[in-house]
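Biologist: I have the sequence and the model open. Could you walk me through how to read a few features?

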Amino acid sequence: MADSVTSSERDAYLLSPDFLRKLEQVAIASRKIMVGRTKGERRSARRGSSVEFADFRGYLPGDDLRYLDWNAFARLQRLFLKLFIEEEDLHIYLLLDTSRSMDFGSPTKFQWCLRAAAALGYIALCTGDRVQFYAHARGRGKASRQFRGRGTAPEAFAWLAALRPDGETDLGQAIRWLQLSMPAPGVTFVLSDLLSPDWETAVSRLGVARGEACLVQVLSTDEISPSLRGDLRLIDSEDGRAREVTMGASVLRRYASERDRFVASVHEACNRWGFSHLLTVTDESVEDFILKTLRHLGVIK
Amino acid sequence: MSAVDLLAPSSLIALFPLAAAIILLYLLKLRRRDQVVPSVFLWRRAVQDVQANAPFQRLRRNLLLLLQLLALSLIVLGLAAPFVMASRLSGKSSVIVLDASASMSAKDAAGTRFAQAQRQAIEILRGMGRRDEAALVVCGARAQVAVPFSRDTSRLLSAVRDTRPTDCVTNVRDGLLLALSLASKRPGARIYLISDGAFPAIPEASSSAEVHFVKVGERSDNVAILAFEAARPAAAREHQVFLRVRSFSSKPKRCVVSIYDEDEIVDAHEIELAAHAERAETYRIALGDPGLLRAELEVDDDLASDNVAYAFAGSGGAAAILLVTPGNLFLEQGLLALPGVQVHKTASLRAQDAAAAYRDYDVVIFDRVAPPAMPNVGAVMVIGEGAGRETAIPGKELETPSITTWQEQHPILRHVNLSAVQISKARALEPAPQAQVLARAGDRALIVAREAPELRVLCFGWDFLDSDLPLRVSFPVLLTNALAWLSEGGASGAPLRTRPGSVLRFTAPPDTRRADLVLPDGGRRELAVVDGQVTIAECDRVGVYRLSAGGRKWRWAADLRSPEESDLTPADELNLGGKTVRASAGPPKVEQRFWPALAGLALLVLLVEWHIYHRRY
C-alpha cells in the first residue's frame with residue numbers, strides 16, 4: 001500500500017515508505033471524547049454496542065431487552081439496563097496555510113507543511129478516522145472530500161500535491177470557514193507560519209472551535225535568525241509592501257527580541273484558549289517532528 | 001602669532017578629487033538592495049523605532065560622510081605641511097635679560113616699555129619646549145639672576161610677572177656679563193636681551209653665545225631735570241636755585257617748573273624748550289629755613305620719573321662745620337680734604353653765640369678750646385678738653401700714654417689703627433655713666449663718645465699736636481668716620497640726596513633691633529638692625545624715603561638725573577664686544593610645523609567615525 005503511494009507520486013515532499021511504515025504504528029490522541037459519524041475505533045460520547053461497559057440506567061418501556069441486567073433484577077427486583085460505550089470514528093481536520101509567505105525557506109515552509117499534513121493524514125487514515133484537508137489563502141479556499149480508510153491515502157496525497165502557494169494569509173477567515181463547514185467536531189490541525197497581523201483573531205477563533213485543536217507554527221531558519229546585511233528594501237512577498245531597513249547589529253537585535261515576543265505571545269494565547277501550540281523550524285525533519293516532538297507532547301500516541 | 005603658511009600648497013589640490021571620490025562612493029553605497037521576505041510583519045515592528053527617528057538616521061549617515069571628509073581634509077592639510085613662525089626658544093638653553101631700568105617705565109609702548117618687555121619675555125618662555133631650559137636675569141640698579149637655569153616654565157613666568165620696573169640707571173652691562181657667564185657653561189645657549197637699548201656700548205661683552213636684542217619702545221618724547229641745586233652763599237639773604245632741564249623730544253616742549261619747599265610751593269615758572277634743547281635756569285628765592293626742596297616739571301612726556309628732582313637747601317647739601325681753634329693746620333687740612341664739607345673757622349666762641357652756632361652748624365669742633373656750654377641738640381667734637389659733666393671731664397695728666405684697647409667695631413674707629421700712635425702727653429677723661437669709652441690707655445679713658453636723641457658728643461683726651469696721629473694714615477679715616485658719625489646725629493637727621501638703586505647704611509641707636517622704612521609710595525618695610533646698622537637696598541624708586549629706628553629719624557630723597565636714562569630714543573643696534581647686534585621688534589621666530597598634530601587629529605576623527613559606524617551595524 002505504502003509502496004504504491006510512493007511510486008504514484010514523484011514530488012519531493014512524498015513520505016518515504018519507511019516513514020509510512022512507522023506512521024502505521026501510531027495514532028492521533030484525542031483528549032476529548034467526541035461524537036463520531038460511523039462505527040470506528042474511537043470511544044464515542046454515545047452509548048452503544050461495544051463490549052466495554054459504561055453505566056446503568058433504569059429500564060424504560062421500549063428498551064432492548066437484551067441489555068437488561070438480570071443479575072441485578074434477581075437481587076433487587078428492579079429492572080436496570082446496561083449501557084455500553086459506543087466506538088465511533090474521529091474527524092481529523094488539517095488546515096494548511098497556502099499563502100505566498102509559506103513559499104520560503106529551504107525546504108520551503110509550504111513543502112514542509114504538505115509533508116506534515118500528509119503524515120498526519122496518513123496516521124488518521126490508518127486508524128480508520130475521517131480526514132479532511134483545507135487549504136486556504138485570502139479569497140481562495142479549498143477543501144478536500146472526507147477521506148476514510150487507508151485506501152484513500154493516494155487520493156489524499158494527490159490532492160495535497162496539487163496545492164500551490166499563492167495569495168495572502170487570512171487565517172482568521174480560514175478558521176471561520178473551517179468552523180462553519182466542519183460536519184462534526186474533531187481534531188483540527190492548523191499548519192501556518194502565522195506571520196499575519198490578524199493572528200490573534202485566528203487563535204481566538206480556533207479556541208472557540210468545536211473539538212480539539214493544535215496549532216503548528218512553522219518558521220524557516222531565515223525567519224528565526226535572518227542573515228541579511230546592509231542597506232535593504234524589504235519587500236513583503238504577499239502584499240508587495242516595502243520597508244527600508246539598514247541592517248545592523250541593533251536592528252537584528254531588535255528583530256530577535258520582536259520575534260521572541262511574538263512567539264511567546266502566540267504561545268500564551270494558545271494556552272489561554274486551551275489548545276497546543278508547537279513552534280517548529282523547517283530545519284527539523286518532518287519525521288522527527290511527527291514521531292518525536294508530537295509523540296513527546298502526547299498529540300500522537 | 002603670525003599667519004599660517006604652507007610649505008606644499010599644491011597638495012591641497014588633491015582634496016577635490018579625493019572628496020569627490022568619497023562622495024561618489026557614498027552615493028553608490030546608499031542604493032538600497034531589494035530583498036523579498038516572507039512577511040514584513042516582524043520587521044515592521046523591529047524597524048518601527050528606527051524609522052521613527054529617520055531624520056536622525058539621515059543625520060547620522062551624513063555625520064559619517066562629514067567625518068570622512070573632515071579626516072580627508074586634515075590629512076590633505078597635513079600633506080600641505082602648514083607652519084607658523086612661532087617664537088619658540090630655538091636654543092636648548094636661553095638666558096633672558098630683562099631691562100628694568102628707569103627708561104623702561106616710559107609710556108610710549110602699549111602700557112609701558114617694561115610691560116611690553118614682560119610680554120615679550122612671556123612669549124619667549126611660552127615657546128619653551130619640555131627639554132628647553134631658561135634663566136632670567138633682571139637688570140635694575142644691580143643685575144641679578146632672578147631665576148637660574150630651570151625647566152619650570154611656570155616658575156619663570158611668575159618670576160617675569162613679579163618683576164617690577166625700577167627708577168635706576170641701567171646696569172645692562174653687568175646683566176649681560178652675568179648672562180654671558182651663565183651661558184658660557186651651556187654650549188649653544190642664546191641670550192635674549194629685552195631692552196630699549198638706552199645704555200652705552202659694552203666692549204667687553206664678547207662670548208660665543210648668540211645674543212638677540214629684542215627692542216621695546218618706539219620714540220623719545222621726554223623732558224628731564226638733569227640738575228637741581230639750592231644753596232645760600234655766605235652773607236646772602238636769598239637762596240640760589242640752579243636747575244638744568246633738557247628736552248629729548250624732537251618737538252618743542254612747553255613745561256611748568258614748580259619748586260616746593262617741603263610741600264609748600266615757593267616758585268613756578270613756565271619754560272619753553274626747543275627740540276633737543278637744554279636750558280639752565282637760576283632763580284633767587286627767599287627761603288627762610290628751607291628743608292627739602294623739590295622741583296617738578298609739569299609736562300606731557302613719556303617718562304615721569306625724571307620730572308622730579310630733590311635738593312637740600314642750606315649749605316648745598318654739604319655739612320657745615322664750625323672749627324673753634326687757636327690754629328691747627330693738620331686739622332684744617334684734614335677737614336678741607338673731606339668732600340661735601342664747608343668749614344668755618346673761628347678762634348673763640350662766646351657763650352652767648354654758642355646756642356646759635358650749635359643750631360646753624362652741623363658739627364662744632366672745639367680744638368684745645370673748652371666749650372662754653374654743651375648743647376642739648378647738635379653734634380660737638382672736643383679735642384684736648386673736657387666735654388661737660390654729661391660726657392667726660394678732664395682728669396689726671398698722663399705722660400706718654402699708649403692706647404692699649406679701642407673699640408674697633410664702633411663706627412668712629414672702624415678701619416682706624418691706634419696701636420702705634422705716639423702721644424707725648426694727655427689728660428685722662430673721666431666719663432659720665434651714660435658716655436661710652438672708645439679708647440683706653442691702660443684703664444684710663446682717652447676717647448669718649450656720648451649719644452643721646454639729637455645729640456652726639458665726641459671727646460678726645462689729648463691734643464692732636466701732642467701726638468703723631470695727624471701724620472698717620474688713620475687720621476683722615478678717623479676724621480671722616482667722626483664727622484660721619486657726628487653729622488648723623490644732627491637735629492634733622494642729616495638729609496641726603498641719592499640716586500635710585502643706591503645702597504644706604506645708617507647707624508641705629510644702641511639696642512635697636514628693628515627699623516621702619518617708609519617708601520615714596522607710602523609702603524612700609526620693617527628692616528632688621530644688624531650690628532647696629534640698617535642697610536637699605538629698597539631705594540630703587542624716585543621719591544622721599546623715611547627711616548626711623550629707636551627714636552632716631554632719617555630722611556632722604558632719590559632722583560634720577562641721568563641723561564642716558566632720560567634719552568628714550570630706542571637703539572636699533574647694540575655694540576656688544578665689537579659686534580653689532582641688530583634689534584628685532586619681537587622674539588626671534590622659528591618655523592614650527594604641525595602636520596603631526598593634524599595627522600593625529602585625522603586618526604582621531606577616523607576612530608570616531610569607526611565607532612559611530614559600528615554602533616549602527
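Biologist: Which backbone nitrogen lies 3.0 Å from a polar atom of the side chain of A:Asp63?

Modeller: First, a caution: this is a predicted model, where local features need pLDDT of at least 70 and side-chain atom pairs count only at pLDDT 80 or more, while totals for chains, interfaces and linings use all residues. Residues are numbered from 1 along each chain as its sequence is written, chains are lettered from A in the order in which they are written, and side-chain values use heavy atoms, leaving out hydrogens and water. Now your atom: the backbone nitrogen of A:Leu60 sits 3.0 Å from a polar atom of the A:Asp63 side chain.

Biologist: Where does A:Asp63 lie, and is A:Asp63 buried or exposed?

Modeller: Buried means under 20% relative accessible area, exposed over 50%, partly exposed in between, with a 1.4 Å probe and protein chains only. A:Asp63 has 17% relative accessibility, so it counts as buried. You'll find A:Asp63 in the loop between strand 1 (39–58) and helix 3 (70–76) of chain A; helices (H or I, at least four residues) and strands (E, at least two) are DSSP runs, numbered from the N terminus. Setting aside neighbours within four places in sequence, A:Asp63 is in contact (heavy atoms within 4.5 Å) with A:Arg57, A:Gly58 and A:Leu81.

Biologist: How do helix 4 and helix 10 of chain A pack?

Modeller: Two packed helices are described by the angle between their axes and the distance between the axes. Axes are lines fitted to C-alpha atoms, for helices over the stretch in contact, and angles run from 0 to 180 degrees between N-to-C directions. Here helix 4 (residues 109–126) and helix 10 (residues 286–297) of chain A meet at about 50°, axes 9 Å apart. Under 35 degrees is roughly parallel, over 145 roughly antiparallel, 65 to 115 roughly perpendicular and the rest oblique, so helix 4 and helix 10 of chain A are oblique to each other. On the helix 4 side, A:Trp112, A:Arg115, A:Ala116, A:Ala119, A:Leu120 and A:Ile123 make the contact, facing A:Val286, A:Phe289, A:Ile290 and A:Leu294 of helix 10.

Biologist: And in chain B, at what angle do helix 4 and helix 5 cross?

Modeller: Helix 4 (residues 113–126) and helix 5 (residues 153–162) of chain B cross at roughly 175°, their axes coming within 10 Å. These two helices of chain B are therefore roughly antiparallel. Residues in that contact include B:Ile122 and B:Leu125 of helix 4 and B:Leu156 and B:Val160 of helix 5.

Biologist: How many helices and strands does chain A have?

Modeller: Chain A has 10 helices and 11 strands, and 51% of its 301 residues count as buried.

Definitions and conventions. A polar contact is a pair of N or O atoms within 3.5 Å; within protein, one must be able to donate a hydrogen and the other to accept it, and residues adjacent in sequence count only if both atoms are side-chain atoms.
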